[in-house]
Amino acid sequence: MLQVAGGWSLHVERGPDWLFVRVVGRPETPEADASLAELLWSLLQQHFTWRLVLECDQLGPLSSALVGQLVLLHKRIASNSGLMRLCGLSDMDYQVLSTMQLDGRFPRFRDRVEAVLGYRPRQPR
């Protein structure tokens, strides 16, 4: 199901115990990045689940405002004993998270299957 809110276009699917959200359209204005956490939180409440897989393969470059929204949403979900996982991040976007020392909070998952199972590829030593 495609939902459009606050300039964001989201493809939303419900799975057993998880909500899968793929960002398929992003607002042009930087201020719109500030609305993503509230929008996703509202979706989680509507679906009565606290487990989110955010599919980022069409998200575009991560801005600092958008990273802030991801951190805010992660904290909110965790405070409700939920899980938030990101998948499909580009190498550049994952480097942004790594530079901000958020790669531990947001491990890298290739796709939704890995994200749900919690599979983490071995890290180089």
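Two strands pair if DSSP finds at least two bridges between them. Keep that in mind for the sheet. Elements here are DSSP runs numbered from the N terminus: helices are H or I with at least four residues, strands are E with at least two.

Now the ground rules. This is a predicted model: local features need pLDDT of at least 70, side-chain atom pairs count only at pLDDT 80 or more, and totals for chains, interfaces and linings use all residues. Residues are numbered from 1 along each chain as its sequence is written, and side-chain values use heavy atoms, with hydrogens and water left out.

Overview next. The chain has 4 helices and 5 strands. Starting at the N terminus, the order is β-β-β-α-β-α-β-α-α. The chain holds 125 residues, and 42% of them are buried. Buried means under 20% relative accessible area, exposed means over 50%, and partly exposed lies in between, with a 1.4 Å probe and protein chains only.

Accessible surface comes to about 7,000 Å². Carbon and sulfur atoms account for 53% of that. The areas come from the Shrake-Rupley method with a 1.4 Å probe; for residues, only the protein chains shown count as cover.

Contacts: heavy atoms within 4.5 Å. Take those between residues at least 6 apart in sequence; 62% of them join residues at least 24 apart.

On to the sheet. Strand β3 covers residues 18–25. The hairpin of β2 and β3 has 2 residues between the strands. Asp17, in that hairpin, takes a positive phi near 70°.

β3 also pairs with strand β4, residues 51–55. Here there are 4 bridges, and the strands run parallel. Val21 has Leu54 in β4 as its bridge partner.

Next, helix α3, residues 91–99. Which of its residues are buried? Asp93, Tyr94 and Leu97. Seen down the axis of α3, these buried residues fall within an arc of 100°, so they line one face of the helix. That arc is taken over the directions from the helix axis to the C-beta atoms.

What covers the buried residues of α3? The cover includes α2 (64–78) and β5 (83–87). On the face turned away from the buried side sit the exposed residues Asp91, Met92 and Thr99. After α3 comes Gln101, with a positive phi near 60°.

Let me zoom in on Asp93, in helix α3. Asp93 counts as buried because its relative accessibility is 3%. Leaving out residues up to four places away in sequence, Asp93 touches Gly60, Pro61 and Leu62. Asp93 and Ser63 are 30 residues apart in sequence, yet their C-alpha atoms are 9.1 Å apart in space.

Last topic, cysteines. A disulfide is a pair of cysteine sulfur atoms within 2.5 Å. The structure holds 0 of them. Cys56 is in no disulfide, and the nearest cysteine sulfur is that of Cys87, 6.6 Å away.
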